[in-house]
Amino acid sequence: MRPSLGRKSGSVAGQVFVLQVAIVVLLAAGALLALVLQSRHDIDREARNRSVSVAQTFAKSLDLREALKMPDPSSVLQPLAEETRKAAGVDFIVVMDTQGIRYSHPQPDRIGQRFVGTIAPSLAGRVHTESVEGPLGKEIQAIVPVNSSEGDVVALVSAGLTVESVTGIADQQLPVILLYIAGGLALATVGTALISRRLRRQTHGLGTQEMTRMYEHHDAVLHAVREGVLITDGEGRLLLANDEAGRLLDLPDDAEGRPVDEVGMDRRMADLLLSGRVATDEVLEAGDRLLVVNQRPTHPGGRPQGSAVTIRDSTEMQLLSSRAETARKRLKLLYDAGGDIGTSLDVVRTAEELADVAVPRFADFVTVDLADPVLNGDEPGPGADMRRTAVNGIRSDHPLYPLGALIDYLPSTPQARGYGTGMVELVPDLGDAPGWHAQDPRRASEIVAYGIHSLIAAPLKARGVVLGVVNFWRSQKPEPFDEDDLSLAEELVGRASVTMDNARRYTREHQLAVTLQRSLLPRDLPEQSAVDVAHFYQPAQSGVGGDWFDVIPLPGSRVGLVVGDVVGHGLHAAATMGRLRTAVHNFSSLDLPPDELLARLDDLVQRMDQDGDGTGPDGGVLGATCLYAVYDPVSQNCTMARAGHMPPLVVAPGGTTTIAELPAGPPLGLGGMPFETMELRLAEGSQLVLYTDGLVEERSRDIAEGMERLRTALSHPGRDPDASRRAVLDALLPSQPSDDIALLIARTRTLGTDRVAQWDVPFDPSEVGAMRSRAAAQLEEWGLEELVFSTELILSELITNAIRYGAAPVHLRLLRDRTLTCEVWDSSSTAPHLRYAAGMDEGGRGLFLVAQISEHWGTRYTPEGKVIWAEQVLPAGGRILP
């Protein structure tokens, strides 16, 4: 049996094969049963016959009769019976008396017991056979009488076989029987398989129901399809034509069986069918129909025997194909609009992208008019003037309003109606549109004369707000816009509206953030004589952030330089930057060293984090860095510290640029770690460059590469800060920065010895008068005679306090800069306090007088002690300008 037959048992061949095999198997099984039964019957009969013959032969032996006459017959009969039994091939020979008492048995312990079986017939002189349940099991036995010479029955002899022995004989014959039956079954199966295989070829493996169903389906499909089907033979006769072929070719009802050229079809069609050649999608005209024909020759048995032809009516397909192509182009336009419009959060750019997408695939010209407040990020009100934001067309010499024009549309125009109602307006013929002509009759006439003949005005509406109007103009295509175009314009503008509104909202937030950022950054740097400064700030493309810089004048002609960075962008980052900048100003007014100032700023950031919940944009500070440096033009020392910020660069007067190895310190807000300071001596004309990471770090380059480019841009001698700033920006400023950029370049100056006077003060109150005299003489030398009296009062109080409450050594220093600064140094860390003395108090008025006479006064601490200083405004003629 082949596996393929098993797989196709549902076919006619398979069914016949299964039926034939089943019949053969049943016949074989019947024959086997009959043979087994017949064999068992013959063996049973043979066993009975053998039992009878053995019993009769033993009963007629002379030794038996002689032994019966002996007093102990068993002693002779038992060995005789066993010898005979073995020789005869039976299972037992039993000799018994007429009462059935045994004289012999294969089992000696049975001798003397009663025989199991029927002895009455044998006592009557007959031979009796039976099947009984004896001592050896189920037995087939024969019982014969033993007659005396007078003819009386004197004993009985039983011989027989057990059923088990009989069955064993039958089982020995069964393999031979099965072998013959298996051979017959195999021959029958092979013959049946050969017949079924031939039948399967003829029926193609199909069952009767499948063949019937296939024919019904074939007939139903053949006559139901919307495609004509023809089959011709090798002699040019039409063998088959379905209903659709008859309809398309106007065939008569009796066309099948007739020659192709006699059924009345079109001559070109008939020639194609008679040629028998291969045809693929050939287009033929048949009357008023346009037919697409495919023809393939058939080769049954390897010989050309005709052709199979399909015919398709493509008259309506031309129109459907045109519509499908139009729908495809429109879907492609909407798909491209989704990807090309809204690539940036810029209102103007979004309007330009909308105009670029629509020309020329949908309109010949597109203009986008936005309400003027939208360009500033505001929501437009009713009746707002329109500004032409984008213009695009197939030609540039059009007479439409130019880009940037401010247009006040009249209520009769489709633009004004669309803006007011939020509905799309269609003007099929601009030549017959008096409401549109009323806006600008001269320009309207020029537009119509130019060839622009149809208009769709679609309002840009998003989230209930109309932002403007998009105008689609048609000129080249003679047909006007229709309702399909109207729905396409509405969907196209609808997709762009949300993007436009997002850009407007972003513009508003961006401008608010920029305004806040600009208000928080220093507008004009304060006047000071320590450094010449150039600075630069630019917010990120995605929005302003928290970068800032500052220049803070400090007492003693010193200056504080600050650069910081708050992580993030937007209003929150800008507001946080403002808080930190204010804090730096407040802490610097205490004249704190850089490390202590950063420590206090770190505490402030930690408190800001604790005040916020950390869940919203106002919850805490995401991170901040800062660098604070103090430069003293007298000593030319610069002390600086940084909290996680980029290290500064130092440009020597000769152009050599180095990165200051300033310990980094943790970013602000982490707490627990001290900040370290570093002190540098800067030659006059050196440049100290402070910046944020947005200048050197960019996605397209590594930060190490950015640092090297910055160092290279700065390494030029003889530049002023402005030139260095321009060189840095040319080398590093990206076109669209992804992070804020802050840059501060400070060129150091010195306060010369001709503007500084200092003395060591003896630790003796009697020396106060002498120090006043020296100071007065120095002021007269500087031409500051007007300040002698007030300076003497100030110095008397400050020196007296230093000697009385401080510790040696004591120093006096006068600085002539934009102000006159008096400084008294001592080694004590105890600071004086201003208090108001009562009317009867003898003391406590010294610092009050100092505060009243001077412009500013204060105390700062040094590693050796403290400095008490006071500043006075110079007279108009004594001011030193840088």
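Strands β19 (residues 624-632) and β20 (residues 637-643) run antiparallel and are joined by seven bridges. Here Val630 stands opposite Thr639 of β20. The model is predicted: local features need pLDDT of at least 70, side-chain atom pairs count only at pLDDT 80 or more, and totals for chains, interfaces and linings use all residues. Residues are numbered from 1 along each chain as its sequence is written, and side-chain values use heavy atoms, with hydrogens and water left out. Helices (H or I, at least four residues) and strands (E, at least two) are DSSP runs, numbered from the N terminus. Two strands count as paired if DSSP finds at least two bridges between them.

Both β19 and β20 belong to an open sheet of five strands, in the order β17-β18-β19-β20-β23, with antiparallel pairing. Its edge strands are β17 (548-554) and β23 (678-681), each of which pairs on one side only. From one strand to the next, the twist averages 20°. Angles run from 0 to 180 degrees between N-to-C directions, and axes are lines fitted to C-alpha atoms, for helices over the stretch in contact. Helix α16 (residues 571-589) lies across β17, β18 (558-566) and β19. The helix runs at about 15° to β17. Contact means heavy atoms within 4.5 Å.

Another open sheet of five strands has the order β16-β25-β24-β21-β22, again with antiparallel pairing. Strands β16 and β22 (657-659) stand at the edges with a single partner strand each, so one side of each is left without a neighbour in the sheet. Neighbouring strands are turned by 15° against each other on average, direction ignored. Strand β21 (residues 649-651) pairs with β24 in the antiparallel sense over three bridges. Val651 has Gln687 of β24 as its bridge partner. Helix α18 packs on this sheet and touches β21, β22 and β24. Its direction makes about 20° with that of β21.

Helix α19 (residues 721-732) lies across β16, β24 and β25, at about 30° to β16. The helix has twelve residues and reaches 16 Å from its first C-alpha to its last. This is close to the 16 Å expected at 1.5 Å a residue, where the expected span is 1.5 Å times one less than the number of residues. Its buried residues are Pro721, Ser724, Ala727, Val728, Leu729 and Leu732. Buried means under 20% relative accessible area, exposed over 50%, and partly exposed in between (1.4 Å probe, protein chains only). These buried residues pack against β16 (531-538), β24 (687-691), α18 (703-714) and β25 (741-748).

The axes of α18 and α19 come within 9 Å and cross at roughly 145°. On the α18 side, the contact is made by Gly706, Arg709, Leu710, Ala713 and Leu714. Helix α19 contributes Ser724, Ala727, Val728, Ala731 and Leu732. By class, the contact has seven nonpolar, two polar and one charged residues. Ala, Val, Leu, Ile, Met, Phe, Trp, Tyr, Cys and Pro count as nonpolar, Asp, Glu, Lys and Arg as charged, and the others, Gly among them, as polar.

Elsewhere, strand β9 (residues 306-313) runs antiparallel to β5 (residues 228-233), and six bridges join them. Thr232 stands opposite Ser307 in β9. Eight bridges join β9 to β8 (residues 289-298), also antiparallel. There, Asn294 stands opposite Thr310.

Ser828 lies in the loop between β28 (819-826) and α22 (846-853). Ser828 counts as buried because its relative accessibility is 12%. Not counting residues up to four places away in sequence, Ser828 touches Tyr805, Gly806, Ala807, Gly865 and Lys866.
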